[in-house]
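Open the model in your viewer and keep the selection panel at hand. Each stop below says what to pick and what to look for.

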Amino acid sequence: MKIIISVIIFVCGIGLQDATSQVRLHSHNDYLNNAPFWDAWSNELMSIEIDLHYKRDTLFVAHTDKEISSGNTFKSLYINPLQQVLKRQNGKPYLSGKPLIFMIDIKTDPIQGIKALEKAIAPYKNIFDTHNNSNAVQLLICLNVSNHRIKDYQLTDYPPYFKYDVNLSNNFTKDVLPKVGMVSLNFANYSVWNGKGRLTKEDKFAVEEVVNKVHEMGKPIRFWGCPDGPTTWEAFTELGVDFINTDKPNEASRYIETLSDRMYASKTSHYIYHPTFKYNKNVKKIKNVILMIGDGMGLAQMASGLYGSGGDLTISQLKHIGLVRTQSADDFTTDSAAGGTAMATGVKTNNRYIGVDVHSQPVENIIETLSKNGFKTGIVTSDEINGASPSAFYAHTDERDDSKTIFNDLKKSDVDLFVARGVGLKKHFNLDDVKNWKVDNRNIVKNIQELDNFNKKVGVLITDKPLLKVDGRDNFLPDATEKAIEFLSKENSKGFFLIVESACIDKGAHSNDVDVVVEEVIDFDKAVAKALKFADKNGETLVVITADHETGGLSLPQANVEKRKVEGRFFSDDHTGILVPVYSYGPNSEMFTGFIDNTEINKNIMKILKEYHNIR
């Protein structure tokens, strides 16, 4: 006599409430993996599938009868490893407390098959006796395909710790229903989706409908014959599928375990400003330039904020859009120092160099040029003032970590206003109270509201705010942007140049934290709204919005715009050479469209200003 049995290791002790509340992975045809049992166990999969062939009074593990190998027995591949684990872990399948179950699909005569299995596990009864062992491995007999011949009244003839996997065509009595542990269904009966793209609206409805139906029974659901990849894993998670089939236990486990870290739904309220576009496009003269840098903000970062805010941003209202090449002089991938220097001076330089050329010679930056020509100038950043990007607009050194030179250059700088976090500056100058510091006629205050008391040479050092929006930082950046514009516009007939940096988009991407990226982009967009609102009111202001580089190689495989939920996957924890966007608004904004180099940000601004101002 030969009996073919398919066995699935599954999670034990599933209560009805728990059965439909969390995603579990099912290692499909586990015995085909490089390390049967161990691949699934090391990833804490809660379901492992094993095909067993009963032959010569032995249970062999194989996909088909022809593939039976004398060494691949149920005992050697699964029982023995399981015993090792239980011995090492004080009888627990997983130290985390997760349980384990065997689901058994009997392919031939179900009654003979169950009896054969019962006999095979008899020496290990305590391992499977869930009634007397809280850590026992649950046996779940699959009746949903080939074993439809078994009658529900026969289920009570077998050990009480046996439970059953069924399909919706099985009609069980009320007394037998508690013995049902899972409902498994053929995915092809509900959709022809291959796992690429997205489920159609009709197919999604069909899948949701059957998932809800099974959950109303108080049972978990599993689909077989379904696609197997990240898109499917995420879709099934979103749809509430309790057990997800996979032939990739390592990949699927890593994906599911980290999904919540990559998925973020923003709750930030965000007012979208809609520019008027009423500036005179034939009048090219401008008085003011506001350059806004989203550090690390590539197109994907911008899009994450767009979808995280419900599908709209102030930035996305703009019509003049271009792409920027960001390479440094000595590397395909720039750092913030070389990227900032390219925009500040119009000159390519090496990574780590600030305000100097490739020969370490100082290059005049835009703030120095405009300051000596009567323009007011300012810097606003959500980072410290000695950060690489803001430093490029006032300092000159071939080492971005040379804080002594950078701070001394700041003290000598003609920049009228800077607003930044003051931690590093206080530490460098041993300041106990920033209000007591006054160097070269520069007053230092702790609050942007104090700017009302000054006309020139002011530094605002914010020392009491969290670095990140997700940690509770208030509207510091948009508020500081608005206040800086007000300060630089005061008693100013010539015009002003203001740089605004959102520094923490980059920090979030470096740490592969999509939550931080989304919130920082939305915060930056609020600052952009302040600039555009002023540009509409003023009529002679050019606003340029770009990035120094992209960080993280971010992609956005999934999003639910209505729920403001975004999944972000990062390729790297470092900068990349991906093109970054540039958006522009106001007179001459068409000069920042198309494909440009980062040095052209500076060159175009200076070309516009030199044409209508006597700049030496």
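The tour goes from the nonpolar cores to a loop residue and then to the cysteines.

This is a predicted model, where local features need pLDDT of at least 70, side-chain atom pairs count only at pLDDT 80 or more, and totals for chains, interfaces and linings use all residues. Residues are numbered from 1 along each chain as its sequence is written, and side-chain values use heavy atoms, with hydrogens and water left out.

**Stop 1: the cores.** Select I290, M292 and F393. Among the 97 residues of the largest nonpolar core, these three touch the most other members. A nonpolar core is a set of buried Ala, Val, Leu, Ile, Met, Phe, Trp, Tyr and Cys residues joined through side-chain atoms within 4.5 Å. Buried means under 20% relative accessible area, exposed over 50%, partly exposed in between (1.4 Å probe, protein chains only). Now colour helix 17, residues 514-538: its 13 residues are the largest share of this core. Helices (H or I, at least four residues) and strands (E, at least two) are DSSP runs, numbered from the N terminus.

Stay on I290. Beyond four places in sequence, its contacts include I485, F496, A531 and F534. Contact means heavy atoms within 4.5 Å.

Another core, of 64 residues, lies apart; L45, L82, L86 and I114 are among its members.

**Stop 2: N386.** Find the loop between strand 14 (376-384) and helix 12 (388-391); N386 is there. Is N386 buried or exposed? Buried, at 17% relative accessible area. Its contacts, leaving out residues up to four places away, are S391, Y394, S403, I406 and F407.

**Stop 3: cysteines.** Select C142, buried at 2%. Then C226, buried at 17%. How many disulfides (cysteine sulfur pairs within 2.5 Å) does the whole structure hold? The search finds zero.

Technical notes. A disulfide is a pair of cysteine sulfur atoms within 2.5 Å.
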